[in-house]
Structure formats: structure tokens, C-alpha cells
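Q: I'm new to this one, so could we go through it together, one topic at a time?
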Amino acid sequence: MDDGNAVVKKALLEQVWPHMTERMKNKKLARISPVLVGLMGSGKSSIGRRLAEYLDVPLLDLDEMIIERAGCSIPEIFGRLGEEAFRDMETATLGDALGRHAVIATGGGVVMRAENMALLKEHPPVIWLKASPEFLAQRIDGDLNRPLIAAGDTLNKLKELARVRYPLYEECADFILPRGDMEKSEALAEIVAFLNAWQKRVGNPGRKD
Ligand code: S3P
């Protein structure tokens, strides 16, 4: 889409939005449960929150669910039990979250297991928030809550993660949203436009709850 279209779409959304009732907002996108994937720092939780608000459904943030279930932080899980134990929890939590009527924000490493990839493909639409390692490094450098980059050398670590994971995100994604200077409201408008088009294309798939 060219920039002009995106600006018009954003302006329309901002004008119309306050005047719409929750019922009107959800009429078209009533049963969609989008899943957000992407490297850490790409905005899955923050954009997920806005999208969930827009669709008037809960946000299921897998990292938050894991923290709640484990009763301790992600660095503590990595430190005490190891990454594999974290990945086991992630797979279990993903299985519980998928299929529920919600926006689902995954952790960046969710695509690393083949069984998770299979689950993601069975639960479209999957939306990849695609951001460059340079963009992400600026946002998350020094974040001690993210064990994979807590020891420093953030940019190189992100480059390596991107090398391995980009093809996997691409493989499971129904829509790729390039992140960068884009405002969050613009990102939301792009996603909503995709969801409308997607629903027209695939109909209204049933959900388990
Ligand atoms: C991870 C990303 C984190 C979290 C954990 C591992 C990863 O989630 O699940 O630290 O492997 O990329 P965010 O992507 O929400 O930071």
C-alpha cells in the first residue's frame, strides 16, 4: 500500500472510531483471534493490547501467562530451570491460548519448536510484526527481563535470532506488518485493514469458546 492510502485509512479510523459502538466495531471482525509473532521488542504486547481493545476481546500474552503460572519471572525460570523448561511451558501455554477468542501475543521464540509452528499454522491469522535487529536493539538494549540479550551484545544477538527466525515467522505468517517509524495507531489501522480483508476471504471460522 502506498503512504497516501495509509494516511487516509488512519485519518478515517480516527474520525469514525469514537462514534462507533462496541457492537458496530466488532460486527465484522466478531470471531477472529489474531496471533502476533515477531522478535522481542517488535511490539507484540503493546500493539496486541490496542488490537484487543479494538476488537473488544481479551489479550492473552503468553509470557504473562507463563509468569503467572510459574509464579516467578522469565529470568528466574531461565536461571533456575533452564531455557528448555521455559520452552515446555511456552508450548503448553500456546496450546491453551490458541482457539480462544482473544488476541494472542506470543514470545519471540515461539517459532523455534516444530510443534508450535504446526499449532500456529492451524490457528490463523498469524501476524508477523517484522522489525530489523537495528530497530529492535535500540528499544531493548539493556533489558534484564529478556535473558537472551541480558548479557549484552544485543545487536549481534538479535541479528543471529533474525537469521534463524525470520524464515520461520515468514512461513507461519498470514500477514507481515513492517515495523519501523510507523506510529502504533497506524500499525493498528494496517492490521485492522488486513483482518477485514482476511475475513472476507476465509469467511467466519468457528472458535472453541
Ligand atoms: C524470547 C522472547 C521473550 C520471552 C523469552 C524468550 C525469545 O518474549 O518469551 O525471554 O526467545 O525471543 P518477547 O518476545 O515478548 O520479548
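Q: Where is Asp 56 found?
A: This is a predicted model, and in it Asp 56 is found in the loop between helix 3, residues 44-55, and strand 2, residues 59-61.

Q: What about its phi, is it positive or negative?
A: The phi of Asp 56 is positive, at about 60 degrees, although Asp 56 is not a glycine.

Q: OK, changing topic: how many residues surround the ligand?
A: The ligand is surrounded by 13 residues, and the closest are Lys 44, Asp 63, Arg 87, Arg 146 and Arg 165.

Q: And how do the residues of that shell divide into nonpolar, polar and charged?
A: Five residues of the shell around the ligand are nonpolar, three are polar and five are charged.

Q: How far is the polar side-chain atom of Asp 63 from an oxygen atom of the ligand?
A: The distance there is 2.6 Å, and for Arg 87 an N or O atom in the side chain is likewise placed 2.6 Å from an oxygen atom of the ligand.

Q: Which part of Gly 109 comes into it, backbone or side chain?
A: For Gly 109 it is a polar backbone atom, which lies 3.4 Å from an oxygen atom of the ligand.

Q: How much of the ligand's accessible area does the protein cover?
A: On its own the ligand has 380 Å² of accessible area, and the protein covers 95% of that.

Q: Which pocket is the space taken by the ligand?
A: The ligand takes up the space of the largest pocket.

Q: Last one: is the peptide bond from Pro 124 to Pro 125 cis or trans?
A: That peptide bond is cis, with omega near 5 degrees, and Pro 125 has its place in the loop between helix 7, residues 114-122, and strand 4.

Definitions and conventions
Residues are numbered from 1 along each chain as its sequence is written. This is a predicted model: local features need pLDDT of at least 70, side-chain atom pairs count only at pLDDT 80 or more; totals for chains, interfaces and linings use all residues. Side-chain values use heavy atoms; hydrogens and water are left out. A residue is near a molecule or strand if one of its heavy atoms lies within 4 Å of it. A polar contact is a pair of N or O atoms within 3.5 Å; within protein, one must be able to donate a hydrogen and the other to accept it, and residues adjacent in sequence count only if both atoms are side-chain atoms. Accessible areas come from the Shrake-Rupley method with a 1.4 Å probe; for residues, only the protein chains shown count as cover. On a 1 Å grid over the protein atoms alone, a cavity is a set of points where a 1.4 Å probe fits but cannot get out, and a pocket is an open set with protein on both sides within 12 Å along at least five of seven lines; lining residues have an atom within 4 Å of a point. A molecule sits in a cavity or pocket if more than half of its atoms lie within 2 Å of its grid points. Ala, Val, Leu, Ile, Met, Phe, Trp, Tyr, Cys and Pro count as nonpolar, Asp, Glu, Lys and Arg as charged, and the others, Gly among them, as polar. Helices (H or I, at least four residues) and strands (E, at least two) are DSSP runs, numbered from the N terminus.
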